[in-house]
Amino acid sequence: MLEIALSHRFGDFALDVDLHLPPGLTVLFGRSGSGKSSVIKAVAGLLRPDKGRIVLQDRVLGDTDRNIWLPPHKRGLGVIFQEGRLFPHLTVRQNLLYGQRRGGTGELSDVVDMLGIGDLIHRRPAGLSGGEQQRVAIGRALLANPGVILADEPLAALDEARKGDILPYFEMLRDRDIPILYVTHSPAEVARLATQVVVLDEGRVLRQGTARDVLGDPALVPAGIRGVGAVLEARVARHHDDGLTELDASGVPLFLPRVSSSVGDVVRIRIAAQEVILSRSRPEGLSALNILPGHVDSIRSGDGPGALVALRTPAGRVLARVTQRSAQALGLAEGVSCHAVVKTVAIAPEDIGRG
Ligand SMILES: Nc1ncnc2c1ncn2[C@@H]1O[C@H](COP(=O)(O)OP(=O)(O)OP(=O)(O)O)[C@@H](O)[C@H]1O
């Protein structure tokens, strides 16, 4: 659907990628300087590489061999940056229509309803909160009726609460048919939003896979991915009267603070490795509600005192960050049976997404 082949040099840095992206939301992930922004810029038409070819469906946006490199305004893109970059002298409505005027056919009222920005429509950007501005920026991108949406760290400037407010709108975008290229450093955003993840390292594709494969892979930790953790999919089993929701993760009950999804829905949850405690025997008399039985799959030690233990559980792979000392004291080794223990509150609302 979206083909991106690029090779380009900036001094010592060589970018060399060849990607075929299916519909959905593709996260470009990797440490600072790995080449994420360069890929986005090339797709946007802001960087002309030494050699490259970019094809969206059947439309050639660039092909250096044929001396084609369309300028940004001819590419049919929707762009969402870290700050909204709205026009300060225009009202919200005019900002939205600005996108539409450039060839868009999306219905203004639909987009306004979807983003809940009806009350803001006559205001100017300066008076809006960061989260409100980002919602307007999402609307403007959508109304441009784009072939692809580029989102470059769109939540980075927002505080945690506002991030939580905006994430569902990106879930809605993901569920439309427009491919989205999304740059972030946040594992929580990857877990919540990614249809697939492309991990870049020194200008090359280190790995391409689902959020579950990539974030749950201890081998990717040295590539600068902090905050690793498992991504599990589970079905909402019951909402309890005490404010908890019970999930069924392939037969294992998991309890979370109440989620808005309905019984029967599939949700994605991220369990950060540092929030998991390991126990050889099934713990009793413990306040934590979530206990996943499993077997040790691998143990990776780094340079420091820590180790990352991957467990196979019926619910999927779970990662735990423990000290090497604890790993030894527990006698952990490949194949050994073990329980992962997770507090209910360790699963934050922004870590729970629609499946
Ligand atoms: N215009 C430029 N001129 C020279 N070097 C550049 C230019 N743009 C990018 N680079 C270099 O290319 C490399 C990749 O940069 P890029 O901005 O694509 O990385 P990134 O993964 O987006 O990083 P970050 O997460 O910090 O935004 C870096 O070493 C950067 O210094």
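Visitor: How many residues of domain 1 are in contact with domain 2?
Guide: In this predicted model, 14 residues of domain 1 are in contact with 16 residues of domain 2. Two residues count as in contact if their C-beta atoms, placed from the backbone, lie within 7 Å.

Visitor: Which elements give two or more residues to the domain 1 side?
Guide: Those are helix H5 (160-174), helix H6 (187-193) and helix H7 (211-215). H5 gives the largest share, five residues. Helices here are DSSP runs of H or I with at least four residues, strands are E runs of at least two, and both are numbered from the N terminus.

Visitor: And by class, what is on that side of domain 1?
Guide: The side that touches domain 2 has seven nonpolar, two polar and five charged residues. Ala, Val, Leu, Ile, Met, Phe, Trp, Tyr, Cys and Pro count as nonpolar, Asp, Glu, Lys and Arg as charged, and the others, Gly among them, as polar.

Visitor: Where are the domain bounds?
Guide: Domain 1 covers 2-219 and domain 2 covers 230-354; such bounds come from an automatic or database domain assignment. The centres of the two domains, taken over C-alpha atoms, are 32 Å apart.

Visitor: Before we go on, what should I know about the numbering and the model?
Guide: Residues are numbered from 1 along each chain as its sequence is written. As the model is predicted, local features need pLDDT of at least 70 and side-chain atom pairs count only at pLDDT 80 or more, while totals for chains, interfaces and linings use all residues.

Visitor: Great. Which residues surround the ligand?
Guide: Around the ligand are Phe10, Phe13, Gly30, Ser32, Gly33, Ser34, Gly35, Lys36, Ser37 and Ser38. A residue is near a molecule if its C-beta atom, placed from the backbone, lies within 6 Å of it. By class, this shell has two nonpolar, seven polar and one charged residues.

Visitor: Which element gives the largest share of that shell?
Guide: Helix H1 (residues 36-44) does, with three residues.

Visitor: What about strands, say, which ones does E1 pair with?
Guide: E1 (residues 2-10) runs antiparallel to strand E4 (residues 51-56), with six bridges, and Ala5 stands opposite Arg53 in E4. Nine bridges join E1 to strand E2 (residues 13-21), also antiparallel, and there Leu2 stands opposite Leu21. Strands pair if DSSP finds at least two bridges between them.

Visitor: What happens in the turn between E1 and E2?
Guide: The two strands form a hairpin with two residues between them, and Gly11 in the turn has a positive phi of about 55°.

Visitor: And in the hairpin of E10 and E11, which residue takes a positive phi?
Guide: That one is Glu202, near 50°. Strands E10 (residues 196-201) and E11 (residues 204-209) run antiparallel with five bridges, and Asp201 stands opposite Arg204 in E11.

Visitor: Switching topic: is Pro293 buried or partly exposed?
Guide: Pro293 is partly exposed, because 15 other C-beta atoms lie within 10 Å of its own. Buried takes 20 or more, exposed 12 or fewer, and partly exposed is in between, with C-beta atoms placed from the backbone. Pro293 sits in strand E17 (residues 290-301). Leaving aside neighbours within four places in sequence, Pro293 is in contact with Arg282, Thr313 and His339.

Visitor: Last one: what share of the whole protein is buried?
Guide: Of the 355 residues, 41% count as buried. The protein has eight helices and 21 strands, and its C-alpha trace spans about 65 × 50 × 35 Å along the principal axes.
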